[in-house]
Every structure is written in structure tokens, then in C-alpha cells.
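Please look through the model shown here before reading on. The report below takes it part by part.

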Amino acid sequence: MIAVINDRCDFCGACVAVCPVDSIDLFEARIAILKHCIDCMLCVWICPVETLAPESNEQEVECVVSTTA
Amino acid sequence: MRRLYDCVVVGGGPGGAWAAKHVAESGATVLLLEKDREVGIPVRCAEAVGAAGLKAVVEPRSRWISNSIKGVVLVSPDGQEVVVESAEEQGYMLDRKIFDYELVQMAAAKGVEVLTKAYVHNVVKPDGQVQGVRFTHLGDSHEISAKIVIGADGVESRVGRWGGLRTNIKMRDMESCLQMTLTNINVDPNYIHFYFGKRVAPGGYLWVFPKNSNTANVGLGVSGEFSQHKAARRFLQEFVQKKFPSAAVMYTVAGGVPCAVTLKKIVADGLMLVGDAAHQVNPMSGGGITTAMLAGKIAGRVAGEAICSGDLSEIKLSEYPKEWHKLQGKTHERFHKIKQAVYKLTDEDLNKTAASILKMAPEQRTIGGVFRAALLKHPSLLLDLVKVFVN
């Protein structure tokens, strides 16, 4: 699962654009990784400001998981 | 607000505004939905635009322009500066806050209704054909029917995905970008600078675009092929600390720029995509303001005709991608191939090329001349470029 540091996020949408399974929701000021995420890491790699990280690599993170698509 | 519009446009950037304006000019009812609280803010752009490209889509107004650009400086990895000046390559630094705002005003003057803080969360698609949108506005949910939905919702376009269009992009064609607006620096306001090299911005470039002699947009794009090893913000922090140690950072903005060819399919029954959503950015420069406006103009006109005729089919709407391809899309395919060839060059190649160009007389240093010199120096690039023009 991907962890999100929402305070870092600039809401640019790059992660949404590269997600192959459309599993990122970008609300006005919040990112949510949806349940059907396949952990491909593309969003982690494209993020210009390192908002996203593999959950295990990041200790102090706020993990936002939404159950609705 | 009505329950039914002829056309709903999602996204109030230049592409959406121009599409809305041109649909409304046909007499159709149009609703423009913008997710942010104000059109034009936040600015997610380096704000430079070519003069010719801008004039082709709108008569520039002086209050949109913060600075005029007289030339381009290309900086090689080892710091050689190649100055390119040419009358027809002049450009402007736009003030996007004012520019975007006034484009939407111009659309409103044609009768377009505008709603900000309107967050679209799905399309209405009862029998597989897009027939409207669902959105929330100030805590209320709304469903609006529309004969045609135009998705001008940016690089993260979800309107396209919901409508069944494939909007995926390859990582190497996505530029991971970060920009800071710096002040308390010294820059020549007449020139925009581009820095190249694997250590500055692999698979992309770094830009310094001056708004005046002490303020500039300084940013970079790193190809998604490389950004996994080092994020854009780390590249930018290093450059700014080294080059502009006294700078105050007035504004920081991130972005993803799709430097690809136009999506294969940008229309479906009752649905059209415009701008970044359709990957209509110039893949070499990453510039997408005027290309989105050109696309918006074509899409808007075709949508207007479709609404008048009652034929909302993909076949009818396909007049838009056909004309886009003829006017710009084909050029982007060529630029995309050149981009791929150029990014194969090593830093050493770029340094040698810069050295050979600097031996040319300044008046020969047009963008075309620079490319010719690069080709002579690099036969392998020449082969790639031959493929560009043969394919």
C-alpha cells in the first residue's frame, strides 16, 4: 500500500495521471489511495515533491484509505 | 443553473475557456465547471508563451503580459551559453492569473455560465454514452444533463477515463515538474534560459523565465523514466542553492506535464477532450497554453455544429481530432520523435555540440541552425531524425 504525506502534496495530479488502474482520488486538498491500488509505484516515482512513499519506507505518514471507488 | 445544458465543459483553464466560448458562439447553452475557488489560481505553469502561437488564437492584451522575451539562451551541461535570437521567435511571459481570468470572462460574454468550487466526480452514462456530469458544489450534489461534455480537466483528466477513453501515459513521456518563483535575484529580463544535462534535469530541462530583472519562474521537469531515482524537488533545491543563494521563494508549484503525442482517441459519443487532458502539449517544449486554446477553438466549433445538427455521434465529433491533427497533432508527432532522439545524447555530446555552435556567427544561430550543427556533430542523431521525417 502507498502512504500519503498530505501536508507535502501540491494537488498537481501527476500521480492521478500515471496511475494505470485509476486508484487515486484527488479532492481539492487531499489525496486518497483507493483499495484497488496494485502497488506499482508509478505515482511514487512521478511525484515532484515526494508526497507518496511505499508504506514500509515511511514511518511518520498519514495513510488515507478510502473504500469507495 | 439549469438541469440541462447543450454543453458542459469541465475545467476553467485556457483550453476549457476557449472551448466554452466557441460552443457558446453557436448559440448553444454552456456551463463551465471549475474545481478551484477562482479561475486562474493556483497558477500551475511557467508562463512563457511564443508570440506567434498566442496571436494565432487570441489578440494579446498588454495587461496579460508581464514581460517580453527577445531571445533564448541554451546552457550546456558544462556551462557554455548558446544565445539564439530571432525576430520570429519572440515570446511573452504571461501573468496567468489575469490571462486565465479574462479568457473565462470572454467566454462569459458569449453567454457561458460559470461555476467555481464545482468538483466533478463522475459522468452520467446511462446507456454507455456520456450524457452529463455529477458534481458537488458547496456541499450539495448535482446532476446535470448535457448533449456534449468537454473534458478540459488537465493532466489528471478523469472525465476521459470515466467516458471510456484510454488516457494512460508512459512514464518516460511524463515530466515530473517543480517550479519556484524567485525574487531578490539578478536576471536579464530579455532572455529565457534553458539548462540541459543529466545532473540538472535528466530527460527534461531546467528553465529560468524572468518576469522582470529581479524575479523569475525557475523550475524543471524530470522525465518519469528518471524521477524514481531522484525527485524533481531535490534537483531544483540543488540548482537554486547554487545559482541563486540569495533568492527568496515567493511561490512553489508542482505539476505533471504530458510530453507525448496526442491521445489516439479524444472523442466518443457525446464526449470530447481538450488540452493536457488530450495530451495536446508540445512534447519538445512542454508548452500547452496555445495548443490547448487551438484545440478548444476547434472542439468548440465542432461541438456547436453537432448540437445544432442533433448529431452527437463520435463520427460527427471526429471532425475535431481530424482538424487538430492537420493543424498541430502531426507536428507534435515529429517533435516527439526529435525529443526522444535529443534525450539520448550524453552530456558530453551536448557539450561538444554547444562548442561547435558557438563557433558559428551569432546571426546563423537560429533554432534551425543550431539543429543543423547538432546533426553534423552527431551522425547517430541524424539517423534518428531521418527516421522522424521518413516515418
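## Ground rules

Helices (H or I, at least four residues) and strands (E, at least two) are DSSP runs, numbered from the N terminus. This is a predicted model: local features need pLDDT of at least 70, side-chain atom pairs count only at pLDDT 80 or more, and totals for chains, interfaces and linings use all residues. Residues are numbered from 1 along each chain as its sequence is written, while chains are lettered from A and ligands numbered from 1 in the order in which they are written.

## Confidence

The predictor gives the complex an ipTM of 0.89 and a pTM of 0.92. Its confidence in each residue is the pLDDT, which runs from 0 to 100. Chain B averages a pLDDT of 92, and 92% of the residues score at least 70. Chain A averages 82, with 80% of the residues at 70 or above.

Where is confidence lowest in chain A? Strand β5 (residues 65-66) of chain A has the lowest mean, 46. Helix α2 (residues 42-46) of chain A has the highest, 97. Over residues 58-69 of chain A, pLDDT stays under 50. Where pLDDT is low, the predicted coordinates should not be read in detail.

## Chain A

Chain A has two helices and five strands. Along the sequence they follow the pattern β-α-β-β-α-β-β.

A residue is buried if 20 or more other C-beta atoms lie within 10 Å of its own, exposed if 12 or fewer, and partly exposed in between; C-beta atoms are placed from the backbone. Of the 69 residues of chain A, 39% count as buried. Two residues are in contact if their C-beta atoms, placed from the backbone, lie within 7 Å. Among contacts in chain A with a separation of 6 or more, 67% link residues 24 or more positions apart.

## Where the chains meet

The contact takes 18 residues from chain A and 25 residues from chain B. On the chain B side, β12 (174-183), α5 (232-243) and β16 (248-258) each supply at least two residues. β16(B) gives the most, with five residues.

What kinds of residue make up the side of chain B that touches chain A? They divide into twelve nonpolar, eight polar and five charged. Here Ala, Val, Leu, Ile, Met, Phe, Trp, Tyr, Cys and Pro count as nonpolar, Asp, Glu, Lys and Arg as charged, and the others, Gly among them, as polar.

## The nonpolar core

A nonpolar core is a set of buried Ala, Val, Leu, Ile, Met, Phe, Trp, Tyr and Cys residues joined through C-beta atoms within 7 Å. The largest one has 138 residues. C7(B), I150(B) and M272(B) have the most contacts inside it. Helix α6 (residues 289-309) of chain B provides the largest share of this core, eleven residues.

The expected span of a helix is 1.5 Å times one less than its number of residues. For the 21 residues of α6(B) that gives 30 Å, and the end C-alpha atoms are 30 Å apart, which agrees. In α6(B), 17 of the 21 residues are buried, so this helix is largely enclosed by the rest of the structure. G310(B) follows α6(B), with a positive phi near 80 degrees.

Helix α3 (residues 96-108) of chain B has 13 residues and should span 18 Å; its end C-alpha atoms are 18 Å apart, in agreement. Which residues of α3(B) are buried? They are R96(B), F99(B), D100(B), L103(B), V104(B) and A107(B). They cover an arc of only 125 degrees around the axis, which puts them on the same side of α3(B). The arc is that of the directions from the helix axis to the C-beta atoms. An α-helix has 3.6 residues a turn, so residues three or four places apart point the same way. The cover over the buried residues of α3(B) includes α1 (14-24), β2 (30-33), β7 (91-94) and β8 (113-115) of chain B.

## Backbone details in chain B

P42(B) sits in the loop between β2 and β3 (48-50) of chain B. The peptide bond from I41(B) to P42(B) is cis, with omega near 0 degrees.

L138(B) has a phi near 55 degrees, a positive value in a residue other than glycine. L138(B) is exposed, with 7 other C-beta atoms within 10 Å.

Key
pLDDT is the predictor's confidence in each residue, from 0 to 100.
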